[in-house]
Amino acid sequence: MKPAGGLRPRLVKRLLPSRRIRVAVRLIALLGAFAVAGIFLQATGRGAGAVYRAMWTGSFGSPYGQAQTILAAIPLIFTALAVAVAFRMLLWNIGAEGQFYIGAFGATAVAYSAPDWPRWLLLAAMVVGGLVGGALWGLIPGALRAFFGTNEIVPTLLLNYVAILLVDYMVNGPWTDPATLGFPLGKPFSESAILPLVGNTAIHSGIYLALAAALSVSMVLSRTAWGYKIKVIGSNARAASYAGFSIPRNMVAVMLLSGALAGLGGMVEVSGVVHKIQANISPGFGYTGIIVATLARFSPIYLVPMAVLFGALVVSGTELQTLGLPSDIVLMLQGVILFFALAGELFVNYRLVWRAGTVSDHPSTPAPVSNRAADLEQAG
Amino acid sequence: MPRGGAPVTSAIELRGIVKRFPGVVANSNIDLELRHGEVHALLGENGAGKSTLMSVLAGIYQPDAGSILIDGEPIALRSPRDAIQAGIAMVHQHFRLVKPFTVAENVLLGARTSWLLSPGRLEAEVADLAQQAGLKASPSARIWQLSVGEQQRVEILKALYRKARVLILDEPTAVLTPQEAEALFVTLRSMAADGRTVVFVSHKLSEVMSVADRITVLRGGKHVGTLETASTDEHRLAHLMVGRDIAFESARAPGEAGEIVLRVDDLHALSDLGLPAVRGASLSVRAGEILGLAGVAGNGQRELAEALAGTRPPTRGRIELYGADLTRASARRRIEAGLAYVPEDRLGTGLVGAMDATANVMLKSLSKHRRGPLLDYRSAARRTKDLVEQFGIKMSSLDAPVRLMSGGNLQKLLLARELSSSPRVVIAAHPTAGLDVGATEAVHELLLEQRASGVGILLISEDLDELLMLSDRIAVMYEGEIAGEVSADDADLERIGLMMGGTGADAPPMAAGGG
């Protein structure tokens, strides 16, 4: 075989990607996503620059936008936390959306049944209502997986529709507000069922709950014996059962916690933003939370800034509509960002090298196989 | 002189091969000459550079420097395909066979043939070669129906079909019974007699001595000598391989076996596929003794060990630890009762590869390293540091994932964790599999120390030399049962080998035929 003289790209595995590489790759992926999306925006005829400027004004560029961005980030923090916790055990909780609705449902049930309680007591009870509702919604797929080996993805996804329809039924029936003449809205909450605002901003105090939840989850996962067990189970289930950790019990516990976090998000949303129950209280926070958690590599801390970024995207959709552009542009951007981030992961774990080689240089040998051999060689 | 009687000519010459990996020089300026008609053993510890060198010869790696000559002609082997075309084939330790396919179909895979298949002609061709490869199974048999030994023959058959003149076997006896290994040696010798070159990669001295014409020893990526088998002995080879003498004699001091600490009675357990794997095994281990459990892999040893450790529920029978019934106890309770288990699958079961050494050390002693619900990383890190020093574990840093450690150091870490928990009974499954001589010796010493301090040890191994060296008694497991038991002092290899093959537990060794 004759050498072709050209250089061929090959992927070589990095044994331990450095922190700098990881940060750099992700930043480049993000910029790349905006650049590629820009090509499509250019095609709208408004100019990519103008669209991005409008999005900036609508989200970070004005006090109103900033407040809206934070308000949209808060539910995303909760749903992303739910996804991240479950993923510690390699469980995909696609049901944060439904757990969010059920959390809102639970909190609302409390708010309507004891409207006259003092504010601190009623809010605390609503928090419990949200947590319990979400936890129950996580328990169902968790127990199915733990005790019957049912894959968790389909049950979590299907339970979303059950939760959404349950809320639909309630706001069209028992909880409907007669004053709205048949609109799917619940009665307004009493004053004490509403989360107070932070200072004289438009941001409600649910933000404290969100940040506290992120910090506590991070602490629990990294500092406690239980968090350690969860990590072992997620990394190597055989080693976990060898060490005597109960996988089914911890699996149920993780799904309870995951659901409870999303449920708390639902409580915060009805109590802090909507001030009543209504249909469509979530524009897909549960699903966007999956993207947020994935992009933050399931870190409870990094997902907070990521939630703010995605909150900004959600909010800037409204600004686009005032320009006469479809707000779905934002969905496209989310998708492009996700694609770039996932593609970027390849370059976190592998580096591209250019090597001289023959044209038919064993094309059937995929890079990871020979790299595995190199790993073993190094380890030996 | 090659025993095959073929004329002495160089088939392959490797000159000044250098291969670097980040941070490691795996091969440093290695020369190797392989002759027509010889069985050439490549001997060395783990990490000596054997596999790298052979991967260079098989076209898997490109050397950083040096040249390869075939019949005196320099050649560039840029891919495994180039190597196959040049007549060089490698039989890997892990077979590359498609299990649902037939022998003939596997032989055909990846071979250069016309695109039109003629099954009849192919099978006739394969049947012919199968005889040379010593494969008795039919070419139309499916791979999953074959034993491991037969599958290895299929790999050799593949090499023959591709007209290989140089056959590289990487640790080929690791998966075979002594009888199967003997049969393999006969095949390898006859292939050499046909003028082929056989390269036999191994770290087992006795095998190398019995099959090779010449032996090349590598140490630390360097060539330290090529010797005629006829003019050397195991001690000399061992010396070259590790750079010092190793104790061959049993280091086992005469000991007083105490009371029975582990008693297993008529135990039954299922395999992962739900088939009976342990079928009425009974054994007992006393304090201060090592009970060796011999047997070819897949005869229920793993399932037995897991049933004892509590990760596989027994379907029948009884397990007693110090007289207490633990048959239904959880893995956690058994650990607390003083049962340590060193599983065969280090990274798959014993350790968490993605986590660091400290996290792995506290895996089974979480209760000792916590304050309330919080983990006490500091005390765990201190203990890890102590263990690393005490057990001579080498690692780049305490907080690197352990999957980056070498096999020997992983095993030391695993043993360090298990033995430092002051266990009363230790189940050690293949504790030295894949380890080099130095690490093996260290593991043996650790087990003997435990024995001396009164711990009862069940040692599951396929390495008979190891079992003879360490055990007080040796039991043989065959098809889920204990086929027989012998005292280590009057054990003879052939009898054990026969029991491992399922024949003659009670028959006198002479009368029993060849398995």
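Val252(A) is found in helix 10 of chain A. This is a predicted model, so keep that in mind with everything below.

- Val252(A) sits at 14% relative accessibility, which counts as buried because the cut-off is under 20%.
- Its contacts, leaving out residues up to four places away in sequence, are Leu139(A), Gly142(A), Ala143(A), Ala146(A) and Phe147(A).
- Val252(A) and Leu71(A) are 181 residues apart along the chain, and their C-alpha atoms are separated by 31 Å.
- Val254(A) also belongs to helix 10 of chain A, which covers residues 247-274.
- With a relative accessible area of 1%, Val254(A) is buried.
- Once residues up to four places away in sequence are set aside, Val254(A) touches Val85(A), Ala86(A), Met89(A), Leu91(A), Trp226(A) and Ile230(A).
- For Val254(A) and Gly138(A), 116 residues apart along the chain, the C-alpha separation is 8.7 Å.

**Glu152(A), a glutamate in a loop**

- Look for Glu152(A) in the loop of chain A that runs between helix 5 (119-148) and helix 6 (153-172).
- Is Glu152(A) buried or exposed? It's buried, at a relative accessible area of 3%.
- What does the side chain of Glu152(A) reach at 2.8 Å? That would be the backbone nitrogen of Trp92(A).
- Trp92(A) also turns up in the contact list of Glu152(A), along with Leu90(A), Leu91(A), Pro141(A) and Arg145(A), again without residues up to four places away in sequence.
- Leu91(A) links this spot to the valines: it touches Glu152(A) and it also touches Val254(A).

**Helix 1 against helix 2 in chain A**

- Two packed helices are described by the angle between their axes and the distance between the axes.
- Here, the axes of helix 1 (residues 19-43) and helix 2 (residues 48-59) of chain A come within 8 Å and cross at roughly 115°.
- That angle makes helix 1 of chain A roughly perpendicular to helix 2 of chain A.
- On the helix 1 side of chain A, the residues involved are Phe34(A), Ala37(A), Gly38(A), Leu41(A) and Gln42(A); they meet Ala48(A), Val51(A) and Tyr52(A) in helix 2 of chain A.
- Sorted by class, this contact between helix 1 and helix 2 of chain A has six nonpolar residues, two polar ones and no charged ones.

**Aromatic pairs**

- Trp56(A) has 53% relative accessibility and counts as exposed, while Phe60(A) is partly exposed at 27%.
- Over in chain B, Phe185(B) and Phe200(B) pair edge-to-face, with 5.7 Å centre to centre and 75° between the planes.
- Phe185(B) lies in helix 6 (residues 178-193) of chain B and Phe200(B) in strand 8 (residues 197-202) of chain B, so this pair ties together parts 15 residues apart in sequence.
- Phe185(B) and Phe200(B) are both buried.
- Back in chain A, ring pairs join Phe105(A), Tyr112(A), Trp175(A) and Phe189(A) into a cluster.

Key: Residues numbered from 1 in each chain as written. Chains lettered and ligands numbered in written order. Predicted model: local features only at pLDDT ≥ 70, side-chain atom pairs only at ≥ 80, totals over all residues. Heavy atoms only, no water. Helix = DSSP H or I, 4+ residues; strand = E, 2+ residues; numbered from the N terminus. Buried < 20%, exposed > 50% of the residue type's maximum accessible area, 1.4 Å probe, protein only. Polar contact = N/O pair within 3.5 Å; in protein donor to acceptor, adjacent residues only side chain to side chain. Contact = heavy atoms within 4.5 Å. Axes fitted to C-alpha atoms, helices over the stretch in contact; angles between N-to-C directions. Parallel < 35°, antiparallel > 145°, perpendicular 65-115°, else oblique. Nonpolar A, V, L, I, M, F, W, Y, C, P; charged D, E, K, R; others polar. Phe/Tyr/Trp six-rings, centres within 6.5 Å; stacked < 30°, edge-to-face > 60°.
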